[in-house]
Amino acid sequence: MHMIKLLLVALTFTVVGCAPEQDSKTAAAEVASRDLQPADGQLAEIYNRSCRSCHTVAATGSPLTGDATAWQPRMDKGIDVLLDSVINGFGGMPPFGLCMDCSAEEFEALILFMAGEQG
Ligand code: HEC
């Protein structure tokens with residue numbers, strides 16, 4: 001009986017102890033993402049009207065701009081697969097990421113910028 005009580009206490013601490021840290025990490029990534037802009041003016045204009053509204057808001061479930069940890073497993077799929085995801089839509093992301101007049105080159109540059117690899 002005593003053992004079970006101890007186990008319950010330990011479990012409670014594990015659950016309660018982890019959640020706030022995860023939340024504050026996400027919140028920090030969200031704040032950081034909002035300061036980032038592509039260096040290129042034309043790309044920045046596209047980013048601000050299309051991608052930014054989702055990719056700086058954790059609640060959308062999108063990998064946040066500049067969040068290398070979130071982008072790593074995405075980048076591992078290869079740029080061609082990611083390009084395909086943007087053009088056809090992927091999960092909660094609508095086709096073209098809401099940029100109907102973007103070229104493949106622009107999408108690629110935007111992906112690299114958001115993944116923190118360029119821009
Ligand atoms: C309406 C919200 C929204 C907009 C606008 C949006 N995205 Fe996304 N994006 C998402 C969400 C949500 C995901 C994660 C989907 C999932 O993993 O189920 C995502 C994922 C991605 C991925 C990873 C795809 C993969 O295969 O893992 C890329 C790349 C991406 N977005 C690029 C862009 C680009 C570039 C733009 C702007 C042109 C953009 N997104 C605009 C919501 C959005």
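So, the ligand here takes up the space of the largest pocket. A quick word on that term: on a 1 Å grid over the protein atoms alone, a pocket is an open set of points where a 1.4 Å probe fits, with protein on both sides within 12 Å along at least five of seven lines, and its lining residues have an atom within 4 Å of a point. A molecule sits in a pocket if more than half of its atoms lie within 2 Å of its grid points.

Before I go on, this is a predicted model, where local features need pLDDT of at least 70, side-chain atom pairs count only at pLDDT 80 or more, and totals for chains, interfaces and linings use all residues. Residues are numbered from 1 along each chain as its sequence is written, and side-chain values use heavy atoms, with hydrogens and water left out.

Okay, the ligand. Which of the 26 residues around the ligand come nearest? They're C51, C54, H55, S85 and M93. Being near means having a heavy atom within 4 Å of the molecule.

Now some polar contacts, meaning pairs of N or O atoms within 3.5 Å; within protein, one must be able to donate a hydrogen and the other to accept it, and residues adjacent in sequence count only if both atoms are side-chain atoms. H55 has a polar side-chain atom 2.8 Å from a nitrogen atom of the ligand. On the oxygen side, an N or O atom in the side chain of R74 is 2.8 Å from a ligand oxygen, and for the side chain of K77 the distance to a ligand oxygen is 2.7 Å.

By class, the shell around the ligand holds 15 nonpolar, nine polar and two charged residues. Here Ala, Val, Leu, Ile, Met, Phe, Trp, Tyr, Cys and Pro count as nonpolar, Asp, Glu, Lys and Arg as charged, and the others, Gly among them, as polar. Helix α6 gives the largest share of that shell, four residues; helices are DSSP runs (H or I, at least four residues), numbered from the N terminus.

Back to the largest pocket: about 470 Å³ of space lies in there, where a volume is the space filled by probe spheres set on grid points joined across faces, edges and corners. Of its 25 lining residues, H55, S62, P63, F90 and M93 are closest to the centre. That lining has 14 nonpolar, nine polar and two charged residues.

The second largest pocket has about 160 Å³ of space. Helix α1 (residues 2-33) gives the most to its lining, with four residues. Among the lining residues are Q22, K25, S62 and D67.

C99 is joined to C102, S to S 2.0 Å, and the link is right-handed, with 85° about the S-S bond.

Methods
Helix = DSSP H or I, 4+ residues; strand = E, 2+ residues; numbered from the N terminus. Disulfide = S-S within 2.5 Å.
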